[in-house]
Structures are given as C-alpha cells and as structure tokens.
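Colleague: Could you take me closely through one part of this predicted model, namely the side of one chain that touches its partner, and then follow the packing from there?

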Amino acid sequence: MREWNGLRDAPAVQALRLYGLVAAGGFRRFSTYRAATAAGVFTNTVFGFILAYTFIALWHERPQLGGYDQAQALTFVWVGQALLAPAALLGFGFQEELQERIRSGDVAVDLYRPADLQLWWCAHDMGRAAFQLLGRGIVPMAAGALAFELALPTAVHTWLLFLLSVALGCVVSFAIRYLVGLAAFWLLDGQGINMINALVAMLLSGTLLPLTVFPGAFGDIAQALPWAAMLQVPADVLLGRHTGAGLAGALAFQAVWGAALLAAGRAMQAVATRKVVVQGG
Amino acid sequence: MIEVEDLRKVFAVRRRAGRLRRTRHEVRAVGGISFSVPRGEMVGYIGPNGAGKSTTIKMLTGILTPSSGRLRVAGIDPARERTRLARRIGVVFGQRTTLWWDLPLLDSYRLMRRMYRIPDDRYHANLARCTELLDLGDLLEVPVRQLSLGQRMRGDIAAALLHDPEVLYLDEPTIGLDVLSKAKVREFLRELNADRGTTVLLTTHDLSDIEQLCKRVMVIDHGRLMYDGDLDGLHAVGESERMLVIDLERELPPIDVAGCRTVKVEGPRQWLAFPAGASAAPLVAEVAERWPLVDLSVREPDIEDVIARMYA
C-alpha cells in the first residue's frame, strides 16, 4: 500500500495525471462543437467521393500508379479523409488559438501556471485528435468502405499498428504546428504562415496524391520529410506495405521526426518566452 | 513575504529608421523600485497605463527576468524557480481568464487540483468554501462561456485560491463588474485576507477598490515609486483639498476668507477649497459670522484627483 502511495506521488505520475486531464479536456471540449463535427463529417465524406472518382479515373489510365492498385489507392483516399481532422492535414487544430493568445497577451496566463506550455498544448491537441478520429474519422471511412471496394486489412494487429502509426503521426503534426504557433511571438499575425503551413501539409503529407506517385528526387525527398509521417506512413502501415524491419523503420521514422521537432519546439519556446513581455498586460 | 530592492527592467526595442535601418532604443519600464510587503498585508498598487505595474507583476511571478535588482517572493527568486513559486502564489487577471472556455467550471477546478497537486481534503474544503462565499453553487456545471462577466470573475478568483496561495496578485479584479458583483468580490477578498492571512497585491484603476480594501497604497509612475504609505498620507502628499460648499441667503460676490480660496460661484451657492489637513471649524465659524449662511456641507477629497495631481 505504501509503495502504491509512493508511486502515486511520484512526479512523473503526477505529471501524467495532469496532462491526461488536459487531454481529456481537449477531447471533451471538441465534443461540445457538435454542429462543427457534423459539418466536418459531411465535408470529409463529400471530398472523399470527389477524390475517389478522380483516383478511379487516374488509376484506370495508369494502373499500379505509385505502386498501388485501385483498391489500395481508394483506401488511401478514405484514410486521408479519416485522418484529415485528427492529424490536421490541412493545418488547423490549435495553433490559431495559441497565436491569438500570444497576440492578445493571454499567453501570460498560461505561463503563470506550474505546467509546461508545450506539454500542455500537446496533451490538449492529442485529446482533440482522439475526439476527431472518433467523431470525424469513422463515418467517412465507413461511407468509403460501403461505396467502394477498399483494401482493408483483416488482421487485428495491422489495425493496432495503424493506430500506433496514427498516434505518432499526430505527434509529428502537433510538433510542426507548435512551431508555426510560436512563430506568432515574432510575426504577431499568424495568417500568412498558417496558409503556407496548410499548403505544405496538404501537398507533402499525401492528402492530394500519395507521395509515391511523385516522380524522381521530388518523391524521394517528400517521403523523407516529416509531413510524410502524418498520412503517407499510417496509410502504408494499414495497407500492409511495410513488413518486418521495414515496418519498424517506418514507425521509427515517425518517432524520430516527432522527437526532433518537439525538441525544436522546446528550443523555440525557451527563446519565445523571453519575449513574452512586450505584448501588453 | 515580498521583497524588492532596486528592481529595474529595461527593454530593447527596435524602431524603423528609414527603409532598412533599425535603431535600437532602450525603454525603461521599471527604473529602480524598492519595497517590501510583510505577510498578511493587503497593498494597493496603482499607476496610469504604461507606468510599469504589469511589468512589476510579471517580474514578481517570474515570467520576466529583471534587468537588475533583488527580488524575493516567499523566499524564492521568481525568475529562477518560476514553477516552484507558481505553486505558492495565485494570480487573477480581470481581463483574462485561466478557465476552460468551453467546459464547465468544475472541469477547470479539477485541472487546478492536478496542476497544483492539491491534497484531496484541502481541495474539497477550499472548493466548498469558495463555492459558498462566491456563490458558485449553481454555476459549477455551467460552461464558462455561458457565465456572465461577474460570474466568470468569481470563478477565476476561486480558481486562483484552491491551492492556498500565500500571495495573491490581483490585476483589475473588478473591471467591468456591476456594483453588486464588485461588492461581492471585495467582501470575499477582505475575508480571505482576514481569515487566511493571504498577502494580497492589488492592481486597479478603480480606486474605490483600494479605499475599501487596502490600508497601504503604492503609486508608480514612469517606472518609479512615487508614493508608498497609508491612504491618508496620500492626501497630504498629493496636497489635496477639501471642499466647503455653502448656501447663502442670496447671490453674493465671491467670499474672501483667509486660509481658503473660492473656486466656484453658482447663484447663492459657493465652493471654498481648503487644505485637507486643516480643520473646517474656524472656517465655518468665520463664514457664519460674516455672511448670511443658510446651509453648508464639507466634501472629502477624491482620491482620484489626488492621484491625477501626482501624475501631472
């Protein structure tokens, strides 16, 4: 019993409980936006159908384009629609809110807390992602599976690995958007950088077209960049295109990018918080 | 509890000077202030916009590092151990909120409990107390965005107190509140200070907050401490005047009595200003003897006028 109490009071456990609660808050918060969720599901589904018919035409002309058969290509489309909101493939998520807090000076309130700014927002964003995976991911995926012939795996462990890969992709996505959000300390207005981020994320995550379709060096580079961790890697894990060491390598690719970008975010945060001051008070 | 010695903060600001050139300017936000606040005192900290109030508070909470000077809050150097200090202080901003906008009030309190590692019994006792004194009973399950400003403010104050902070910084806690809400907040703060001995530093533009809550007041302007003492002393320093308003039987030329000056005449009513420190009795006696006096009243100096004169 005493050991249990000691464990419960350990700083790491305390921190886990705090950020767990923050994540739960992020989840519940987004669950209150019911109209937005319904509209999002509708948009994702419609967008999915448009892309699906485009892909069918494309793969009819060029079978095995990018190494995918038609069913796999269509699966890629619907995985993309399912992950659009959770992995924030078009930007969005939380960075507009962080930027607004920086602009207005409200970020001072966040800094007064005995909590870490990056971990706080990360936990919050993971909560949001978890809600949106359930709230905005399942329905478009099911709609796609009903309307088209998809190449979905039957093995449970493939789905579990897919979820792990999605989680890592969401961390990478967060880490990138945290950098974008913190840029507001210098730029004050985040709109420009948000647009660039949205465009880059859409193109380099594979949301428009799988990265394997891009030719030559451009395709190779795109697959090595962190955005690939947000959709390309999880989709390929679900499609069973990575096995054995290749699978471990794909997950490691995501994890390494996640860690590196989180570290960059910490460094940027250290510099940024020294600037906090100037905006009003 | 709070010790500040020769505290300074200088910001470097770049200004545009021509197409590409930028020149560096140094802006002195706080220029060498010293004060100390003993445990359990409630101090008003006032000054016009841009005087350096917020900069001081930011240094006292550790989110801003002083350029020079010595600073201790509860024995802790704020900038060095911000997180450790954060567990022992509470901060309330009238214009900002620490509460979770889209979620019920209680969710934010549960978060505070984890964040500040509040023991279960303390948490429940403090929450019950705040709920009762701040009238939050019906609001705990309401999403914060649906609360009125006054309700939200009370919610924010409770959030800052659940972890029994030794020092509480209040920045404009009554801004935008109606008379009733203001009274409620003030009453609560008074009780908190009396019962718990919480040290309170109160920043406000509403000087009636100060008059009702603080014995001691510090005035800052242009980054310097202009006054530090009790409220009465402020009147003496500010050379404030009291006003004797007299109603005569009929319209007469301005009254001329030694020790005061007639500032306004309006029909049979005249306004006579005299130093706040002087007694009104001899003045009243002389006026009554030499002029046909019908009625009179004495108006106490307005602290706002006093302060305004100090800034001038």
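Modeller: In this predicted model, the part to begin with is the contact between the two chains, where 21 residues of chain A are in contact with 23 residues of chain B. On the side of chain A that touches chain B, helix 2 (11–31) and helix 6 (107–112) of chain A each supply at least two residues, and the largest share, eight residues, comes from helix 2 of chain A. Sorted by class, that side of chain A has 12 nonpolar, four polar and five charged residues.

Turning to the packing, the largest nonpolar core has 137 residues, and those that touch the most other members are A:Ala87, A:Val172, B:Leu162, B:Tyr169 and B:Leu202. Helix 8 (residues 156–182) of chain A gives this core its largest share, 13 residues. For A:Val172, once its neighbours within four places in sequence are left aside, the contacts are A:Pro226, A:Ala229, A:Met230, A:Gln254, A:Trp257, A:Gly258 and A:Leu261. A second core, separate and made of five residues, includes B:Ile246, B:Cys260, B:Leu272 and B:Leu283.

As for confidence, the mean pLDDT of chain A is 91, with 95% of its residues at 70 or more. Among the elements of chain A, the lowest mean pLDDT, 62, belongs to helix 1 (residues 2–9), and the highest, 97, to helix 12 (residues 232–238). Over residues 277–281 of chain A, pLDDT stays under 50, and the model has 11 contacts beyond four places in sequence for that stretch.

Note on methods
Residues are numbered from 1 along each chain as its sequence is written. Chains are lettered from A and ligands numbered from 1 in the order in which they are written. This is a predicted model: local features need pLDDT of at least 70, side-chain atom pairs count only at pLDDT 80 or more; totals for chains, interfaces and linings use all residues. pLDDT is the predictor's confidence in each residue, from 0 to 100. Helices (H or I, at least four residues) and strands (E, at least two) are DSSP runs, numbered from the N terminus. Two residues are in contact if their C-beta atoms, placed from the backbone, lie within 7 Å. Ala, Val, Leu, Ile, Met, Phe, Trp, Tyr, Cys and Pro count as nonpolar, Asp, Glu, Lys and Arg as charged, and the others, Gly among them, as polar. A nonpolar core is a set of buried Ala, Val, Leu, Ile, Met, Phe, Trp, Tyr and Cys residues joined through C-beta atoms within 7 Å. A residue is buried if 20 or more other C-beta atoms lie within 10 Å of its own, exposed if 12 or fewer, and partly exposed in between; C-beta atoms are placed from the backbone.
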